[in-house]
Structures are given as structure tokens and as C-alpha cells.
Amino acid sequence: MNEVKVYEKDQKVKIHFKVNGQDVEYETEPRKLLVHALRELGFTGVHIGCDTSNCGACTVIMNGKSVKSCTVLAVEADGSEILTVEGLAKDGKLHPIQEAFWEKHALQCGYCTPGMIMEAYWLLKEKPDPTEEEIREGISGNLCRCTGYQNIVEAVKLASQKLRLGQTPYQRQ
Amino acid sequence: MSRYIGKRIKRKEDPKLITGQGRYVDDIEFPGTLYLAIVRSPVAHATLKKVDFSDALKLSGVVGVITGLNLRVENRPSNFPMAKTELLYVGQPVAAVVAKDKYTAYDAAELVQIDYDSLPAVTDPEEALKDDVKAVEGKGNVAYRKTYSSGNPEKAISEADVSFEEKLVISRVYPAAMEPRGVISVYQQGFLTVYSSTQSPHYMRRYLLNAFADKVKDIRVIQPDVGGAFGSKLFPYPEDYITVYASLLYERPVKWIATRSEDIRQTYHARGQIHKVKVGAKRDGTLTGIIDDLIIDLGAASHGTYLADIAAQMLPGPYSIRDIKVEVYGVYTNKTPLDQYRGAGRPEATFVIERIMSILADELKMDEIELRKKNLIKSTPYVNPFGVKYDNGDYASLLNKAEQVYREMERKAEKLRSEGRKVGVGFSFYLEMNNFGPWESASVRVRGDGRVLVIIGAAPHGQGTATGIAQIVADELGVDIDNVDVIWGDTSTIGEGYGTYGSRSLTLAGNAALLASRKVKEKAIRLAAQFLKSDPQELEYKDGKVVNPKTGKSMTLKEIAAKSMSVLGGVWRYKEEPGLEGTAYFGLDNLTYPYGSHVALVEVDDTGFVKVLDYYAIDDIGLVVNPMLAEGQVMGGVIQGFGETVLEEVIHDKEGNLLTGTFGDYMIPTAVEAFNIKWEYMEKGKSDAPLPAKGIGEGATIGTPPSVLRAMEKAVGKRLTKLPTLPWDL
């Protein structure tokens, strides 16, 4: 069980968390959504595609698990470690999932892509060798309007191979 | 020699997008930006009495509230961009709150009170046609009326061996680009810079200047990265004007970004056509007559009428019928105005004519491929009964190729049926028109370091056009594609342009870039003649070099560029104008007419869930510059077309309340409903352009619905006439 915290409506709350390995201090209204906080902090790769938690464009990894950052309050992220799409590439080298998305033409407009990549990151961590059905199920909370998903599925398969072949993913957590 | 054209080249657009470094409109910030929230009509039809925003103004951080803004914009509601006297649909802007941040703006918007007297609303287009309840006070509901007629279809149908009537319904859909619309308007003393999630910055500049010419000298429109559009970000929206007006009023940068709920309410809906058809044919399958009463559900404004015109003109499709009539009725309803969505009129035409072919085959108990072959146009070019000139193609070869796939899927279906499974195979053949003009522009500039910058007037937003155009320019100039950058989306970088819509960008902007590259090559020869002290007539451009075959001397494009730039502060002692730039504008004197076929094997389970087991598409779009990109367009388009066939419908209740106002209610396909597609292409029907491409942006949303619905129909053994057909309809 999480600890229950009570805040006043207009109270400013100071929170500390790690984003992509960097310590961040942030002062916020208690009601502010994590997605808005991350975007204000400059992580604009975290996108907003709906207001009902259907689309998954705002997916990030929080304490090792994928979350839709529009369903998390910034104050709930106090003390957490967050990984966004900006934190995947290391020293100018793309993460294997990013490489696979590029190679397989798994994006068109690119708007769903950061969320999709982060969901794939979580999926492959949980299931390193997923079947096509498991991939489709795994990304079904992330909407894409351009690609028809076929090349995204192919990209996740390719990323799975790349990762299992020992191209160690860059993991901060 | 093609080093790049025809190859599956990886996209130049991708690196920033896969790393989160894309810059969409909401990612752009300016110091002192104000945020705008729109207060929208909660009802479908009412007299607007008063907008009370006194409580909103009391909220700390609120800068102001705008009400009653009316501008004259053609074909838009009289109360545009804000309702002033009459509320016409749920979601129509009524007021705008401007505040220091987004949260404050939305808090204040909730404090604005709208006082209104309800009026009866009309939402069903057939009801609207009766004109009993007026959608707009003081106006008849029939906003548009036109007849397309050829020959004598009444006589043809009365003399036919077989005839039937059917009502075909194509529901309203919502384009649902993943990025909601948004605008930032930055005021700088008489000038504006507007950043917009648009498909056409140049067109947007024109329409904003039309409205604000007395308030600004010029407007520069910049299109940042755009998260999809599918036709929905081309035409003027109320929020564009409201945001620009607010920035002029407060002399500050003002930002408005739609929430998804707002986007579903105000982004123009699409399709929304009913076709009541009467069809006659001979016993041998020859189609002899069609009469179609077409009702288009325009919503609360009349700017969508052209979609009925396209549907009517393309209704004959690839078949040689001459006795045909389409009566078009455009009606107002109390719903969001209607406009284009991927395919824009051709999906509607193709759905109707392909439904007619399949139903006719059933009526005659005839093989539906044989029926299509019997009616297929025998040679091109061909002028259809409404005067549309189909350019060229080999329709029969493509049909034969698709037929083989169809027969194979039928054998598979037969086997599955013998196992007791409810499966069916659907087939469609489509012919469409695209490359809507009139022209497009491109500028090719070789920099002093040899790097090539290409600026296009088209405004791609996900299609990968920049990669395709880089392939064209790199091949033409004989340079490495990594040295070619393609940019777009800024009215200050190229004089005029149109944008990206109607499957036009690769053909029109691509040919403009090709012609501009040729100008650069000519210029490179003239400059090299100076540097090499040769007669330009002796020189030729080959593989990225200007060569003198007599002397064997040569200079690469990079060397010519570098020599042009060599000494700062020196003099220019050559008898040729410096600079290696070329700009070209390119237009075609006809639209282009690609065609294709889709074949689907589907299974319907006991709950009515539709699963596609196999899917095949083939297109002839002339020269294919990058098969990977073209295939991507088809894959995405098929799944959108599938969504339109089994999932997607904008639903209003009788009072005009929107029942599908979120992604929780308006379902677009997820990866689970989606399926894999096998795609092939032919390159027989080339366009007249120097680079003989056509377009593939929309083909798949045109070809898919009739093939999937036909397959469902055969699986359940019941005639299907509506898009979408939902599980409980089966």
C-alpha cells in the first residue's frame, strides 16, 4: 500500500525524483499530472494524445514499470525513478528498440512513437522473446493511427532479437 | 541511372522522432506565452442569450475573456469563429479564456456561464431533408443541390433484365490524428508568426491574412512536426482565428492546444453520406443503369459539399456504364461541420459502386470477378460519363492478378467453412483520382560545402515525403543522399506552395524538385565552363560531376560549389552569375488516376467480432520511388479502412449530444484488432510527369471498406449495407 498524503488545494509541493538518471527538484500544485510536469521539465518526447488514458502517447517507465504519465500525479512521482524516451540512447548510440523502429519503418508521424517505444521497452523486459500475439496484446494500450501496427510489431520482434543476441540494452535502472 | 529511386531507403525523418527530439506545436514555448482555453456549446441547437464571464475574470492569472468574435469566412457558419446569436452544434466555440497557464485557463473556462434558450435540433440527414426542423434558424436545410446525369438511366433500369434498390450508409467518422490540433500565434509589432499543426502553411497564411489584413502586415506560418492529419488539418478552423485574434489583442504569444475531447468535437468530421441506389443490368451481367440519390450530412456549415461532388463524379468507377444519374442533396444538421478525411469522396464512390457489383453478382448468381471483368473499361485514356478523364492503366492485368489471390483465398475459405467456421472472402477493385493541384514548388540549393538543401512547398506530416524527394534529388544530381537535406513547412523559405493533401506531394513536389535539380545542373555546367575555361557546349553533367569529354577534365558539384565560395572579400571575375540554386513550380493538366484491388479473408465469431485472417492489396501508382514508404501508406490505410468498416462511428443522439466524445467511446483499431497485410505493386499506369509517379496516400482507405464488408457479408450470409457494421448488426 502506498502511503496516503493529504495536500491543500493551493499548496505548492516540492518533489524530488530522477528522470533519465538526473536528479530533479520540482515544485508543483498537488493536482498537476506527471505528464505535464515532465513536459515542463523539458522532456517533450512525452506526448499527450488524449485526456482519458486511452492512447498511451505519454507512456514512461516509472520505478521499472510502464505507466501512462497522464494517470499519475506529479506528487505521486516523488522519490521515483523515471525513464523517458530521451533517456534511451546512450553516447549518441540508439537503443536497439529505436534502431529497430527505424529499420522496420515502424513510425510515420512519430507522435505515438516515444510512448510505443517505452511500452516495447517494458514488454521486452518482461517477455524477452514474445510471440506476435503477445506483442500485439502488449502494445494494445498504445494507439497508432498511421502505421496499422504491422511494422511496429515487426520492429518489436527485431528488437527482441537484437537484445537477445547480446546487444545489451542501455538500462539505467 | 537510379541509385536511390525504387529502393527501400530508410527515412531521413526518423532519428529525431525515435529519440523524443521531434518538435510538435505543443513542444514550442516562448517567454510570456499566454494560454487559451475555449468554452464550447454544450447543446446542439439554441438561441444564445448571454455569456457571463464575470466569475472567470476574478480568477487570479486570467488575462481576459473573448466572446462574440465574428469574422466573415466563406462557407463557414455565420457565427464564425464563435457563436454570437445561435448555438449550432455541441462543441462550437462560444468564448475563449486567456490566462497565464494552461491549468488556470481551463479552471476559468469552467466558470463561464452560457445562458441559452433551447431550439429543436435535427441530426438525421434524412430528417433534415424533410426540412421540418431547421438546423440553422432562417435557412432551409438543403444547403446544396446538384444533378449529375448521363444518358437515360430511368429507361435503362425499366428495360433491365434485373434491377434492385438499396440504401447504402456511410457513417460519420473522425480522422483521429494522434496529435490533436494546436496553434501558437506570436505577435511582433505588425507581424505575426503562427506555428500550427497544419497540412498547409502557405494556405493558412492566405486565409488568416484574408481575415486579419487590416491588423497585420504579414503572417509567417510555420508548420512544426505534425502528428498526423489525414485531411483534417487542411482547412480553416475557428481556433486558428481565435488564437491569432487573441495574440493581436494582447500583443503576446498565445497558445491553444486541443484536448482530445475538444478535438473530437470540433475537428471536422468526415464521410457522412447516404446513397439510395437503383440499379439495372442485363442477365449476362452488363450493368445498364444507376440512379443514386446522394444525401451528404454537412453538419452546421456548407464547406463539405465538394466531397459529394467527388463521390458523384467517381461513382462509375472503373466500369463502362453510360446511363447514370446522381442527385446530390447537401443538408445542414446540428452537428460538427463535415470536411475531408483520407480519400475524400473516393472511398464513398468506391464503396457504392463496389457494393453494387457484389450485390448484382448475388442477384444474378454470377461470379463477382467475372461480373467485374464484363463491365471493366477496356482501354485508357477514358472519359467517364461525367467528363472525368481517366489517364492510363492496365486495369485488366491488375484485376487478373488480384483474381488469382482471390481464388486462392476462396479455396482456403472453403476448407475453413467445412470445419464449421464462419468465414468469407471479399474483393474490391478501385479507381481513384489524386494529385489534387494545382501545382507545387521546390527549390534546390547547393551550399558552398557541397551540401544540398531542398525546400518544398508541400507540407508532409508523417508520409516520409522528404526521404522520397531526397532520393529523387540525389539521383538527379548524382550525389550521396546523406548530403541532401529536405525541409518544408515555413512560408518564409519558399515563395508559394500548397501543402500535403490528396496524395500529391511526391508527384507534384517531387517533380518540382526534379526540375529544380535540372536547373542546378545547367547552372553547374555554366559555372564549371568558367572555372575550366571551356565552352559550356562541350561539357556534360554526369554522376555528380561536370565533365569535358574532350580534355578529360572534370569538377564535382562540390568542387564547383566550393570554388564559387572560395575567397571572402575578393572579387567575382567570372562571366557567369554565382550561386547554385534552382527553383521550379510543377503542375499537371489533369489529376492522376491510380487503381488497385483489395482481397480479404475474414472470420466472424459468434459475438460478431471480425477477425481478418488474410489480407492482400495491389496498387498501380505509376513509378514507385520508395516501396517501403508506399507500403507503409497502404498498411496504415488498410487498418484505417478496417476501422471505418467495423469500429468507427461518430454517434449523436436525437438531441444532438455527442455520444462518442473520447477514445473510450470512439474506437480506433488497436494492435489487437489490426492484422498483417501483403502488398504488391505494378508500374504500368504511369503519370505524364517527368518522374511518372501517381499517389498512394489514400488508395488503401478507398479499397478496404468494400472488400472487408463483402467478406463479412459472405461469412454471415446476410446483405450488409452500412459502414460501420458493428457486432450487434451481424
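Q: How do I read whether a helix is enclosed, and how many of the 14 residues of helix 3 of chain A are buried?
A: Let's begin with the terms: helices (H or I, at least four residues) and strands (E, at least two) are DSSP runs, numbered from the N terminus. A residue is buried under 20% relative accessible area, exposed over 50% and partly exposed in between, using a 1.4 Å probe and protein chains only. In helix 3 of chain A, 11 of the 14 residues are buried, so this helix is largely enclosed by the rest of the structure. Among the buried residues are Met116(A), Glu119(A), Tyr121(A) and Leu124(A).

Q: What should I know about the model and its numbering?
A: This is a predicted model, in which local features need pLDDT of at least 70 and side-chain atom pairs count only at pLDDT 80 or more, while totals for chains, interfaces and linings use all residues. Residues are numbered from 1 along each chain as its sequence is written, chains are lettered from A and ligands numbered from 1 in the order in which they are written, and side-chain values use heavy atoms, with hydrogens and water left out.

Q: How far does helix 3 of chain A reach from its first C-alpha to its last?
A: The expected span of a helix is 1.5 Å times one less than its number of residues. Helix 3 of chain A (residues 113-126) reaches 20 Å, close to the 20 Å expected. Helix 17 of chain B, with 18 residues, reaches 27 Å, close to its expected 26 Å. Helix 17 of chain B is also mostly covered, with 16 of its 18 residues buried. Just after this helix, Gly717(B) takes a positive phi of about 70°.

Q: At what angle do helix 16 and helix 17 of chain B pack?
A: Axes are lines fitted to C-alpha atoms, for helices over the stretch in contact, and angles run from 0 to 180 degrees between N-to-C directions. Helix 16 (residues 627-646) and helix 17 (residues 699-716) of chain B pack at about 50°, with their axes 8 Å apart. That makes helix 16 of chain B oblique to helix 17 of chain B; angles under 35 degrees count as roughly parallel, over 145 as roughly antiparallel, 65 to 115 as roughly perpendicular and the rest as oblique.

Q: Which residues of these two helices meet?
A: Contact means heavy atoms within 4.5 Å. From helix 16 of chain B, residues including Val634(B), Gly637(B) and Phe642(B) meet residues of helix 17 of chain B, among them Thr704(B), Val708(B) and Met712(B). By class, this contact has nine nonpolar, seven polar and no charged residues. Here Ala, Val, Leu, Ile, Met, Phe, Trp, Tyr, Cys and Pro count as nonpolar, Asp, Glu, Lys and Arg as charged, and the others, Gly among them, as polar.

Q: How do helix 13 and helix 14 of chain B cross?
A: The axes of helix 13 (residues 465-477) and helix 14 (residues 505-532) of chain B come within 9 Å and cross at roughly 30°. That makes helix 13 of chain B roughly parallel to helix 14 of chain B. Their contact divides into nine nonpolar, five polar and three charged residues.

Q: Where is Leu647(B), and what does it touch?
A: Leu647(B) sits in the loop between helix 16 and strand 28 (678-682) of chain B. Leu647(B) is partly exposed, with a relative accessible area of 24%. Not counting residues up to four places away in sequence, Leu647(B) touches Phe642(B), Met667(B), Ile668(B), Pro669(B), Pro724(B) and Leu726(B).
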